[in-house]
Amino acid sequence: MWAQTLSGPFRFEQVEVAAPDPAALPPGHVLLAPRAGAICGSDLPNFRGGVWPHPAAEDGWGATRAPGFPMHEVVGEVVASEHPGHSPGDLVVGWASMFDALAELVVTDGEGLAPYDTSLPPTTAVMLQPLACVLYAVEQLGDVSGQPVAVIGQGPIGLLFSSVLKARGATRVTGVDPVDRSDVASVFGVDEAVTARAERWAGALADADRPSVVVEAVGHQVSTLQPALDAVAHGGQVFYFGVPDDPIYPFDMMTFLRKNLTLRSGVALERRRVLTDAGAFLAEHPELRDCYVTHVHPVADVEAAFGAAISPRPGQLKIAVDMT
């Protein structure tokens, strides 16, 4: 079978590798034929050749040359199954559990997959995986109705946070990003689109304007956690969603203490359930379907797709890869 593999920083090549044996599937797993995938911010450090803890790497750290790596947001057809909830021929969306979806066939945990509305093109349906992650995170915040909130980072994940928080009853949603997102702000429920770095926005806030909840949706550097702590109101919550590249972050304990804050973080659990919830949310908010995935590349052009993803710009949100 074919697979795309990282042959070095910023460089993919297509290779031929042995296909997985359907008869050797582990219990609970399926053999999936990907139809589409999408690039997550957590994939990008590996494309750059950086270091990030990753389950597909031999020792858990750094970029790997395993075929199909790095991609986990996937839509595909079940070819064979050892999971009771999936049968051959099913069309599903979710996680490639070994982050190796850039391949003709992948073996993945069936608990990270769920059916979807197949009237959606695969390159649109792939948005259900990041949406599921956001829905699970917002659940952890509890009832946000009647509260002002802010989301630092208005890329593909941050805009989904803005949309879900607004739908869950937040009174005012502020989106903060140095990239101008004013063209899509209203579609994603953003009441105030701030085009600035997070520290400049946080430093200019009056006490009366501080949000009760701040979501950090940037990650991959240490500089945006502190503005979240600085910006949030006394007694508020900060959800750190962005993936850390560093194992230890500097943390202003005095601000955290004096403001009586709560810091939350974590990855999505109950994946089949939240993928189903994501399908329901998208059905209720169909306006998101046509504006979330802005660019689609054929899998043969995956290097260009990743090259675009590392350079955020106005008019560019989620980048999908067509594997049909």
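**View A. Phenylalanine 10 sits in the loop between strand S1 (2–8) and strand S2 (11–16).** Strands (E, at least two residues) and helices (H or I, at least four) are DSSP runs, numbered from the N terminus. The model is predicted: local features need pLDDT of at least 70, side-chain atom pairs count only at pLDDT 80 or more, and totals for chains, interfaces and linings use all residues. Residues are numbered from 1 along each chain as its sequence is written, and side-chain values use heavy atoms, with hydrogens and water left out. Phi of phenylalanine 10 is positive, near 65°. Most residues other than glycine have a negative phi.

View B. Histidine 220 lies in the loop between strand S11 (213–216) and helix H6 (225–231).

**View C. A cis peptide bond links phenylalanine 69 to proline 70.** Omega is near 5°. Proline 70 belongs to the loop between helix H1 (44–48) and strand S4 (73–81).

**View D. Phe251, Met253 and Leu263 make a nonpolar surface patch of about 260 Å².** Patch residues have over 30% relative accessible area and no salt bridge; nonpolar side chains (Val, Leu, Ile, Met, Phe, Trp, Tyr) are joined within 5 Å, like charges within 9 Å. Leucine 263 lies in strand S13 (residues 262–265).

View E. Where it is low, the predicted coordinates should not be read in detail.

Key: Accessible areas come from the Shrake-Rupley method with a 1.4 Å probe; for residues, only the protein chains shown count as cover. A salt bridge is a side-chain nitrogen of Lys or Arg within 4 Å of a carboxyl oxygen of Asp or Glu.
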